[in-house]
Amino acid sequence: IGVTIGVLLSRVQAEPWHTRLLVAHASTNVFGWIGLSALGTLVTLWPTMLRTRIAPGAELAAQRALPILVVGVILALAGPLADLRVLAGLGFLTYLVGIGVLVPSLVGAARRQRPSSFSTYSVASALIWLIGSLGAFGVSVLVSGSWAQVDDRFRWFTPYLAAGFGAQLLLGALSYLVPVALGGGPGAVRTATAAFDRAGAARVTATNAALLVCLLPVPAAVRVFSSAIALIALASFLPLLFVALRASRAVRSNRRDAVPVRTGPAHSGARSAAAALAVVLVSVVAGVAVDHQLGSFRSDS
(Lines give C-alpha, C1' and ligand atoms only; values in the text may rest on other atoms or scores of the structure.)
Protein backbone atom coordinates (compact mmCIF):
# COMPACT_ATOMS: atom_id res chain seq x y z
CA ILE A 1 0.00 0.00 0.00
CA GLY A 2 2.80 2.38 0.89
CA VAL A 3 4.61 1.67 -2.36
CA THR A 4 1.44 2.23 -4.39
CA ILE A 5 0.88 5.60 -2.75
CA GLY A 6 4.55 6.39 -3.35
CA VAL A 7 4.14 5.76 -7.07
CA LEU A 8 1.08 8.01 -7.15
CA LEU A 9 3.01 10.62 -5.18
CA SER A 10 5.70 10.77 -7.84
CA ARG A 11 3.10 11.40 -10.56
CA VAL A 12 0.68 13.73 -8.79
CA GLN A 13 2.24 17.14 -8.22
CA ALA A 14 -0.93 19.27 -7.94
CA GLU A 15 -1.83 20.57 -4.50
CA PRO A 16 -3.42 19.74 -2.16
CA TRP A 17 -3.33 16.11 -3.39
CA HIS A 18 0.45 15.93 -3.41
CA THR A 19 0.68 16.91 0.27
CA ARG A 20 -2.18 14.61 1.25
CA LEU A 21 -0.59 11.67 -0.56
CA LEU A 22 2.74 12.49 1.10
CA VAL A 23 1.17 12.32 4.57
CA ALA A 24 -0.65 9.08 3.71
CA HIS A 25 2.54 7.55 2.28
CA ALA A 26 4.67 8.46 5.30
CA SER A 27 2.02 7.36 7.81
CA THR A 28 1.55 3.99 6.15
CA ASN A 29 5.26 3.22 5.91
CA VAL A 30 6.40 4.57 9.28
CA PHE A 31 3.57 3.27 11.45
CA GLY A 32 2.42 0.36 9.31
CA TRP A 33 5.44 -1.24 7.69
CA ILE A 34 8.05 -0.27 10.31
CA GLY A 35 5.89 0.24 13.39
CA LEU A 36 3.86 -2.97 13.25
CA SER A 37 6.97 -5.05 12.54
CA ALA A 38 8.95 -3.45 15.36
CA LEU A 39 6.21 -3.65 17.97
CA GLY A 40 5.35 -7.23 17.07
CA THR A 41 8.99 -8.24 17.35
CA LEU A 42 9.47 -6.52 20.72
CA VAL A 43 6.85 -8.76 22.32
CA THR A 44 9.37 -11.60 22.30
CA LEU A 45 12.68 -9.81 21.62
CA TRP A 46 12.48 -7.42 24.58
CA PRO A 47 12.31 -10.09 27.34
CA THR A 48 14.91 -12.11 25.45
CA MET A 49 17.28 -9.13 25.51
CA LEU A 50 16.62 -8.75 29.24
CA ARG A 51 17.29 -12.48 29.67
CA THR A 52 14.00 -13.06 31.44
CA ARG A 53 10.69 -14.74 30.71
CA ILE A 54 7.89 -13.17 28.71
CA ALA A 55 5.45 -11.49 31.09
CA PRO A 56 2.20 -13.38 31.76
CA GLY A 57 -0.50 -12.16 29.42
CA ALA A 58 1.95 -10.75 26.85
CA GLU A 59 0.57 -12.98 24.07
CA LEU A 60 -2.99 -11.94 24.86
CA ALA A 61 -1.93 -8.28 24.96
CA ALA A 62 -0.35 -8.64 21.52
CA GLN A 63 -3.53 -10.21 20.13
CA ARG A 64 -5.58 -7.33 21.52
CA ALA A 65 -3.13 -4.64 20.41
CA LEU A 66 -2.80 -5.75 16.78
CA PRO A 67 -6.35 -4.85 15.64
CA ILE A 68 -6.11 -1.48 17.42
CA LEU A 69 -2.78 -0.73 15.76
CA VAL A 70 -4.13 -1.76 12.34
CA VAL A 71 -7.20 0.44 12.79
CA GLY A 72 -4.88 3.32 13.72
CA VAL A 73 -2.89 2.85 10.53
CA ILE A 74 -6.08 2.63 8.42
CA LEU A 75 -7.44 5.84 9.93
CA ALA A 76 -4.12 7.63 9.47
CA LEU A 77 -4.17 6.49 5.83
CA ALA A 78 -7.85 7.27 5.21
CA GLY A 79 -7.70 10.74 6.73
CA PRO A 80 -5.51 12.34 4.04
CA LEU A 81 -7.23 10.42 1.22
CA ALA A 82 -10.69 11.52 2.42
CA ASP A 83 -9.51 15.05 3.24
CA LEU A 84 -10.38 14.61 6.93
CA ARG A 85 -7.61 15.85 9.22
CA VAL A 86 -9.58 14.87 12.31
CA LEU A 87 -9.68 11.27 11.06
CA ALA A 88 -5.91 11.22 10.59
CA GLY A 89 -5.34 12.68 14.06
CA LEU A 90 -7.63 10.05 15.59
CA GLY A 91 -5.67 7.41 13.71
CA PHE A 92 -2.40 8.42 15.36
CA LEU A 93 -4.03 8.55 18.79
CA THR A 94 -5.66 5.14 18.18
CA TYR A 95 -2.24 3.76 17.29
CA LEU A 96 -0.97 5.19 20.56
CA VAL A 97 -3.74 3.33 22.41
CA GLY A 98 -2.57 0.11 20.75
CA ILE A 99 0.95 0.69 22.00
CA GLY A 100 -0.51 1.31 25.45
CA VAL A 101 -2.01 -2.19 25.39
CA LEU A 102 1.45 -3.67 24.77
CA VAL A 103 3.45 -1.52 27.20
CA PRO A 104 2.39 -3.23 30.49
CA SER A 105 3.84 -6.57 29.37
CA LEU A 106 7.09 -4.88 28.33
CA VAL A 107 7.29 -3.02 31.63
CA GLY A 108 6.56 -6.24 33.49
CA ALA A 109 9.57 -7.90 31.90
CA ALA A 110 11.75 -4.91 32.79
CA ARG A 111 10.63 -5.07 36.40
CA ARG A 112 11.76 -8.68 36.72
CA GLN A 113 15.12 -7.92 35.10
CA ARG A 114 16.18 -4.28 34.92
CA PRO A 115 17.82 -3.05 31.69
CA SER A 116 21.59 -3.00 32.15
CA SER A 117 23.11 -3.03 28.65
CA PHE A 118 23.37 -0.67 25.72
CA SER A 119 20.93 -2.78 23.71
CA THR A 120 18.18 -2.62 26.34
CA TYR A 121 18.78 1.08 27.11
CA SER A 122 18.60 1.89 23.41
CA VAL A 123 15.43 -0.09 22.69
CA ALA A 124 13.66 1.34 25.74
CA SER A 125 14.59 4.87 24.65
CA ALA A 126 13.32 4.16 21.13
CA LEU A 127 9.93 3.08 22.45
CA ILE A 128 9.66 6.22 24.58
CA TRP A 129 10.44 8.39 21.55
CA LEU A 130 7.77 6.60 19.51
CA ILE A 131 5.14 7.15 22.20
CA GLY A 132 6.07 10.80 22.72
CA SER A 133 6.25 11.60 19.01
CA LEU A 134 2.94 9.87 18.30
CA GLY A 135 1.11 11.73 21.05
CA ALA A 136 2.51 15.12 20.07
CA PHE A 137 1.96 14.57 16.37
CA GLY A 138 -1.58 13.26 16.83
CA VAL A 139 -2.56 16.37 18.78
CA SER A 140 -0.82 18.67 16.28
CA VAL A 141 -2.76 17.08 13.39
CA LEU A 142 -6.05 17.62 15.20
CA VAL A 143 -5.34 21.33 15.69
CA SER A 144 -3.82 21.96 12.24
CA GLY A 145 -5.70 24.27 9.91
CA SER A 146 -4.56 22.70 6.63
CA TRP A 147 -2.76 19.72 5.16
CA ALA A 148 0.23 21.98 4.48
CA GLN A 149 0.54 22.52 8.23
CA VAL A 150 0.21 18.79 8.83
CA ASP A 151 2.99 18.16 6.31
CA ASP A 152 5.23 20.79 7.93
CA ARG A 153 4.75 19.27 11.35
CA PHE A 154 5.32 15.75 10.06
CA ARG A 155 8.56 16.89 8.43
CA TRP A 156 9.54 18.53 11.72
CA PHE A 157 8.89 15.28 13.63
CA THR A 158 10.62 13.07 11.06
CA PRO A 159 14.23 13.52 12.33
CA TYR A 160 13.15 12.62 15.86
CA LEU A 161 11.26 9.55 14.66
CA ALA A 162 14.21 8.54 12.50
CA ALA A 163 16.92 9.09 15.14
CA GLY A 164 15.03 8.71 18.40
CA PHE A 165 12.88 5.75 17.38
CA GLY A 166 14.23 4.15 14.20
CA ALA A 167 17.99 4.41 14.72
CA GLN A 168 17.95 3.60 18.43
CA LEU A 169 15.66 0.62 17.90
CA LEU A 170 17.81 -0.73 15.07
CA LEU A 171 21.15 -0.23 16.85
CA GLY A 172 19.81 -1.64 20.10
CA ALA A 173 18.47 -4.75 18.41
CA LEU A 174 21.66 -5.27 16.39
CA SER A 175 23.81 -4.88 19.50
CA TYR A 176 22.01 -7.89 20.92
CA LEU A 177 21.50 -9.93 17.76
CA VAL A 178 24.94 -9.60 16.13
CA PRO A 179 26.85 -11.39 18.95
CA VAL A 180 24.21 -14.14 18.95
CA ALA A 181 24.39 -14.48 15.16
CA LEU A 182 28.20 -14.69 15.25
CA GLY A 183 27.94 -17.65 17.61
CA GLY A 184 31.02 -19.41 18.87
CA GLY A 185 29.70 -20.34 22.28
CA PRO A 186 28.88 -18.36 25.43
CA GLY A 187 32.38 -16.89 25.71
CA ALA A 188 32.35 -15.42 22.22
CA VAL A 189 28.84 -14.05 22.65
CA ARG A 190 29.71 -12.40 25.98
CA THR A 191 32.88 -10.91 24.54
CA ALA A 192 31.15 -9.43 21.50
CA THR A 193 28.33 -8.12 23.70
CA ALA A 194 30.86 -6.47 26.01
CA ALA A 195 32.32 -4.64 23.02
CA PHE A 196 28.90 -3.24 22.08
CA ASP A 197 28.30 -2.24 25.71
CA ARG A 198 31.35 0.01 25.89
CA ALA A 199 30.21 3.40 27.23
CA GLY A 200 26.66 2.23 26.59
CA ALA A 201 25.02 4.46 29.20
CA ALA A 202 27.00 7.47 27.99
CA ARG A 203 26.09 6.88 24.34
CA VAL A 204 22.38 6.50 25.05
CA THR A 205 22.37 9.52 27.37
CA ALA A 206 24.21 11.68 24.86
CA THR A 207 21.86 10.68 22.04
CA ASN A 208 18.64 11.33 23.92
CA ALA A 209 19.77 14.45 25.77
CA ALA A 210 21.01 16.00 22.52
CA LEU A 211 17.74 15.17 20.73
CA LEU A 212 15.75 16.68 23.59
CA VAL A 213 17.78 19.89 23.31
CA CYS A 214 16.96 20.02 19.59
CA LEU A 215 13.25 19.87 20.47
CA LEU A 216 13.53 23.07 22.48
CA PRO A 217 13.33 26.59 20.98
CA VAL A 218 17.10 27.00 21.05
CA PRO A 219 19.40 29.05 18.78
CA ALA A 220 20.48 27.47 15.51
CA ALA A 221 24.07 26.99 16.70
CA VAL A 222 22.88 25.03 19.74
CA ARG A 223 20.76 22.80 17.51
CA VAL A 224 23.74 22.18 15.21
CA PHE A 225 26.05 21.24 18.08
CA SER A 226 23.44 19.01 19.71
CA SER A 227 22.66 17.29 16.41
CA ALA A 228 26.37 16.60 15.94
CA ILE A 229 26.60 15.00 19.39
CA ALA A 230 23.58 12.79 18.70
CA LEU A 231 25.03 11.77 15.32
CA ILE A 232 28.43 10.93 16.84
CA ALA A 233 26.81 8.90 19.62
CA LEU A 234 24.76 6.90 17.11
CA ALA A 235 27.65 6.49 14.66
CA SER A 236 29.87 5.07 17.42
CA PHE A 237 28.07 1.79 16.74
CA LEU A 238 30.11 1.30 13.55
CA PRO A 239 33.63 1.16 15.10
CA LEU A 240 32.24 -0.90 17.97
CA LEU A 241 30.81 -3.32 15.42
CA PHE A 242 34.33 -3.81 14.04
CA VAL A 243 35.68 -4.31 17.58
CA ALA A 244 32.94 -6.83 18.36
CA LEU A 245 33.59 -8.81 15.16
CA ARG A 246 37.31 -8.90 15.87
CA ALA A 247 36.82 -9.87 19.51
CA SER A 248 34.37 -12.64 18.67
CA ARG A 249 36.70 -14.01 16.03
CA ALA A 250 39.56 -13.95 18.52
CA VAL A 251 37.61 -16.00 21.07
CA ARG A 252 36.45 -18.48 18.45
CA SER A 253 40.06 -18.86 17.33
CA ASN A 254 41.23 -19.33 20.94
CA ARG A 255 43.43 -16.28 20.72
CA ARG A 256 44.41 -14.26 23.79
CA ASP A 257 43.84 -10.76 22.43
CA ALA A 258 40.07 -10.90 22.84
CA VAL A 259 38.25 -7.99 24.43
CA PRO A 260 37.83 -8.86 28.11
CA VAL A 261 34.36 -9.01 29.57
CA ARG A 262 34.23 -6.30 32.20
CA THR A 263 31.52 -6.04 34.81
CA GLY A 264 32.36 -2.86 36.63
CA PRO A 265 30.53 -1.42 39.62
CA ALA A 266 26.88 -0.63 39.16
CA HIS A 267 27.44 3.10 39.62
CA SER A 268 29.94 3.30 36.74
CA GLY A 269 27.06 3.51 34.25
CA ALA A 270 25.58 6.41 36.18
CA ARG A 271 28.94 8.20 36.13
CA SER A 272 29.35 7.78 32.39
CA ALA A 273 25.77 8.95 31.82
CA ALA A 274 26.45 12.02 33.95
CA ALA A 275 29.61 12.73 31.94
CA ALA A 276 27.66 12.49 28.68
CA LEU A 277 25.02 14.85 30.04
CA ALA A 278 27.76 17.30 30.98
CA VAL A 279 29.10 17.18 27.42
CA VAL A 280 25.65 18.03 26.07
CA LEU A 281 25.33 20.94 28.51
CA VAL A 282 28.75 22.26 27.50
CA SER A 283 27.69 22.08 23.85
CA VAL A 284 24.57 24.10 24.69
CA VAL A 285 26.66 26.80 26.38
CA ALA A 286 29.08 26.82 23.45
CA GLY A 287 26.21 27.07 20.99
CA VAL A 288 24.69 30.02 22.84
CA ALA A 289 28.09 31.75 22.83
CA VAL A 290 28.58 31.14 19.11
CA ASP A 291 25.08 32.36 18.34
CA HIS A 292 25.72 35.51 20.39
CA GLN A 293 28.95 36.16 18.51
CA LEU A 294 27.23 35.64 15.18
CA GLY A 295 24.48 38.04 16.23
CA SER A 296 27.05 40.67 17.19
CA PHE A 297 28.81 40.18 13.86
CA ARG A 298 25.56 40.68 11.93
CA SER A 299 24.77 43.80 13.94
CA ASP A 300 28.20 45.26 13.22
CA SER A 301 27.81 44.44 9.54
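A pocket here is an open set of grid points where a 1.4 Å probe fits, with protein on both sides within 12 Å along at least five of seven lines. The model is predicted.

**Stop 1: the largest nonpolar core.** Select Phe31, Leu39, Trp46, Tyr95, Ile99 and Leu130. Of the 39 residues in this core, these touch the most other members. Now colour the helices H2 (17-50), H3 (58-82), H4 (85-112), H5 (118-143) and H6 (147-182). Each gives two or more residues to the core. H2 gives the most, with 11 residues.

**Stop 2: Trp46.** Centre on this residue. Which residues does Trp46 touch, not counting those up to four places away in sequence? Show Leu106, Ala109, Ala110, Pro115, Thr120, Val123 and Ala124: Trp46 is in contact with each of them.

**Stop 3: the second largest pocket.** Stay with Trp46, which also lines this pocket. About 170 Å³ of space lies inside the pocket. H2, H4 and H5 each give two or more residues to the lining. H5 gives the most, with 5 residues. Colour by residue class next. The lining has 11 nonpolar residues, no polar ones and no charged ones.

Technical notes: Residues numbered from 1 in each chain as written. Predicted model: local features only at pLDDT ≥ 70, side-chain atom pairs only at ≥ 80, totals over all residues. Heavy atoms only, no water. Core = buried A, V, L, I, M, F, W, Y, C linked by side-chain atoms within 4.5 Å. Buried < 20%, exposed > 50% of the residue type's maximum accessible area, 1.4 Å probe, protein only. Helix = DSSP H or I, 4+ residues; strand = E, 2+ residues; numbered from the N terminus. Contact = heavy atoms within 4.5 Å. 1 Å grid on protein atoms, 1.4 Å probe; cavity = no way out; pocket = protein on both sides within 12 Å on 5 of 7 lines; lining within 4 Å. Points joined across faces, edges and corners; volume = space filled by probe spheres on them. Nonpolar A, V, L, I, M, F, W, Y, C, P; charged D, E, K, R; others polar.
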